[in-house]
Amino acid sequence: MNKTATALDFKSATLHTLRAVLHTSDTVELIAALNQRMREAGSFYEHESVVLDATTLTQAPNWAALVAAMRAAQLHPIGVHAAANLQDDAWQTAGLAPLELSASRTAAPAATPDPTDTGKTGQPRAADPGTAAETLIVRQPLRSGQRIYARGCDLIVLGMVSQGAEVIADGHIHVYGPLRGKAMAGARGNAQAMILTTCFEPELLAIAGVYRVFETQTPDSLHKQGARIELDGETLRIRALTG
Amino acid sequence: MSRIVVVTSGKGGVGKTTTSASFSAGLALRGHKTVVIDFDVGLRNLDLIMGCERRVVYDFVNVIQGDATLNQALIRDKQLDNLYILPASQTRDKDALTREGVEKVLEDLAAMDFEYIVCDSPAGIETGAIMAAYFADDALVVTNPEVSSVRDSDRILGILSAKSRRAERGEQPVQEHLLLTRYNPKRVSEGEMLSLRDIEDILRIRLIGVIPESESVLQASNQGIPAIHLKDSDVAQAYADVVARYLGEEKPLRFVDYEKPGLFKRLFGSK
């Protein structure tokens, strides 16, 4: 590879960002609502990047005015998801990128487990404030090299987690199939988090940072059996799933 | 409608090209107009296995870059007149394969009424392998009965389920078929190789066939004849079974059990 080619690399990244759902094309009303929200929230949303979700609109608001109002409110609009006919030149001058947000969270199938890069994480759909954090459900086997992270919620895997795959959740992890890879529950310190599986043969388990590596084989009595793992003080307690 | 089949594995040297050659020849033997494409740009081998290396003038990359037409680059098989080979380039870089270019070639092949387009993937998980897998409808995941091969197959299956065009479009997932090659029942029974059941349990996809380990594969490769043409060999029969199962027929598994040689065989020593 020549020298110039090494100066820069493109890598993929998954961004966690705010989604501003627009319910009207009336720009004045939008700006008024924006300012009210920002006042109520104090500095909570300040300096966040925002994606405008205009998928339900049939008419374009005044993009330039809306973006200017958002910038004045210390937000950083980065793109818009809208029907093609709502796009106009104002997007370019305002520096907005046309984006695709994943479909609504209830209708969406499980987040596609992320494939090649071990550095990437799957993202659960952002929950609306005020509703319970939802569970991330994965409906296909997780294979070697794949990693999935249920941020701020529980994770259910309907199928196996292969050796070399990683499942991580801030809440509980349920694996209905062989758990052969790594599982880390309570990733942000929730010591109450559990790992539950119907077929116990993991490489590594961790709850709230307390981990255990299974170098050779899992404890005989529970090998390939249902198991539930909880944190008991500073040790991981592994028990049969039932009884 | 043509069907795109990728022959893939992750690991090298497990029998992808041998399988691509025999599988495509097998489809052609059954009367299906078939083309097999070598995606291993830079290290082409398929033309050797198919015995057409001296007839390669233009290649896949020439077609993608518009230097040659598909008709100029396609080579008709020396034995089957409904089988064509699209060879890889030996001189180009693998980055010559662009997604748009590959898509155009596949569309053009479909328009030429090819029923099956078999893509012989290179080893690894880089551009060539990703390109070969991206457009696939079906995948033959070639695996040897040893742990590193099984692990790499698992990795490739993960990529197929997340990165293929079908996955990106949210369509029916790629049909995955497990093909075990270089299977030696004797060494399995002695615990030197992973058993069929172990591998199925690890990968959990449908088994489409088991190809026994055999010296005749090497002979066939050196002669430039796809192994499926070797009359009366177990390998040829096993590949014929794979093609039949792919086309929806029920065939019992063969060549998977080890039989101790009988007295007669031991006395007169045959191989």
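Me: What makes up the count of helices and strands in chain A?
Reply: Chain A has three helices and 15 strands. The model is predicted, so local features need pLDDT of at least 70 and side-chain atom pairs 80 or more, while totals for chains, interfaces and linings use all residues. Residues are numbered from 1 along each chain as written, chains are lettered from A and ligands numbered from 1 in written order, and side-chain values use heavy atoms, without hydrogens and water.

Me: Why is the pair Asp201(B) and Arg180(A) called a salt bridge?
Reply: The term asks for a side-chain nitrogen of Lys or Arg within 4 Å of a carboxyl oxygen of Asp or Glu. Here the N to O distance is 2.8 Å, so the pair qualifies. Between chain A and chain B the count is three salt bridges.

Me: How do you know how much area chain A and chain B bury between them?
Reply: Buried area is the accessible area (1.4 Å probe) that two parts lose on being put together, summed over both. For chain A and chain B that comes to about 1300 Å², 45% of it on carbon and sulfur atoms.

Me: What makes residues of chain A and chain B count as being in contact?
Reply: Contact means heavy atoms within 4.5 Å. By that rule, 15 residues of chain A are in contact with 14 residues of chain B.

Methods
Helix = DSSP H or I, 4+ residues; strand = E, 2+ residues; numbered from the N terminus.
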